[in-house]
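Please consult the sequence and the model shown here before reading on.

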Amino acid sequence: MTADRLAKFRRHLDHLQELRPRVTSAETLRRDLTLHNDVLYSLLAVCQLLIDIAGDLAGRRGQRFDNYTEAVRSLTAYPEFPDRLVRDLEPLPGLRRVLLEDCVARDLDRVIPALELLPPLEEFAEGVLRLESRHGDA
């Protein structure tokens, strides 16, 4: 299950990496509806898949969590996800909520800092891949 989610995560993350150079400001997103929709949808997908994968991994260790941020924090149980990386990923469940509630439509300036999280998301994907290769379908 995690392998399928990781493949989807990777697809949306790669798409965001391709789009990133075109997102120079919130105004760029306001003017280009296709770019706006592509970026926001892929950000939402990446946030949700991060939560899903973290939840899968926590469940396999018998860990429980009360909210999505705790699911992300549970990644620290694995050496592939250092504390620094997990701290970088912690805001993403909140971003997911903002994207779902369409709050970002009123404040597209929130998208620009979210795109700065692409390197930690890459590191997360690499960590999951290492886990899979070491333990099978992590």
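Contact here means heavy atoms within 4.5 Å. Helices (H or I, at least four residues) are DSSP runs, numbered from the N terminus. The model is predicted, and local features need pLDDT of at least 70, side-chain atom pairs count only at pLDDT 80 or more, and totals for chains, interfaces and linings use all residues. Residues are numbered from 1 along each chain as its sequence is written, and side-chain values use heavy atoms, with hydrogens and water left out.

**Helix 1 and helix 8**

In helix 1, the residues Thr2, Ala3, Leu6, Phe9, Arg10, Leu13, Asp14, Leu16 and Gln17 touch helix 8 through Leu118, Leu121, Glu122, Phe124, Ala125, Val128, Leu129 and Glu132. This contact comprises 11 nonpolar, 2 polar and 4 charged residues; Ala, Val, Leu, Ile, Met, Phe, Trp, Tyr, Cys and Pro count as nonpolar, Asp, Glu, Lys and Arg as charged, and the others, Gly among them, as polar.

The two helix pairs are set out below; axes are lines fitted to C-alpha atoms over the stretch in contact, and angles run from 0 to 180 degrees between N-to-C directions.

| Helix pair | Axis separation | Crossing angle |
|---|---|---|
| Helix 1 (residues 2-19) and helix 8 (residues 118-135) | within 11 Å | roughly 155° |
| Helix 3 and helix 6 | 9 Å | about 135° |

Helix 1 and helix 8 are therefore roughly antiparallel, a class for angles over 145 degrees.

The 18 residues of helix 8 should span 26 Å at 1.5 Å a residue, and the 26 Å between its end C-alpha atoms agrees with this. The expected span is 1.5 Å times one less than the number of residues. Buried residues (under 20% relative accessible area, 1.4 Å probe, protein chains only) of helix 8 include Leu118, Pro120, Leu121, Phe124 and Gly127. The buried residues of this helix pack against helix 1, helix 3 (33-60), helix 5 (83-89), helix 6 (92-100) and helix 7 (111-115).

**Helix 3 and helix 6**

Helix 3 contributes Leu40, Leu43, Leu44, Cys47, Gln48, Leu50 and Ile51 to the contact, and helix 6 contributes Leu92, Pro93, Leu95, Arg96, Leu99 and Leu100. By class, these residues divide into 11 nonpolar, 1 polar and 1 charged.

**Arg87**

Arg87 lies in helix 5. With a relative accessibility of 52%, Arg87 counts as exposed, a term for values over 50%. Its C-alpha atom is separated by 9.6 Å from that of Thr76, 11 residues apart along the chain.

Methods: Helices (H or I, at least four residues) and strands (E, at least two) are DSSP runs, numbered from the N terminus. Angles under 35 degrees count as roughly parallel, over 145 as roughly antiparallel, 65 to 115 as roughly perpendicular and the rest as oblique.
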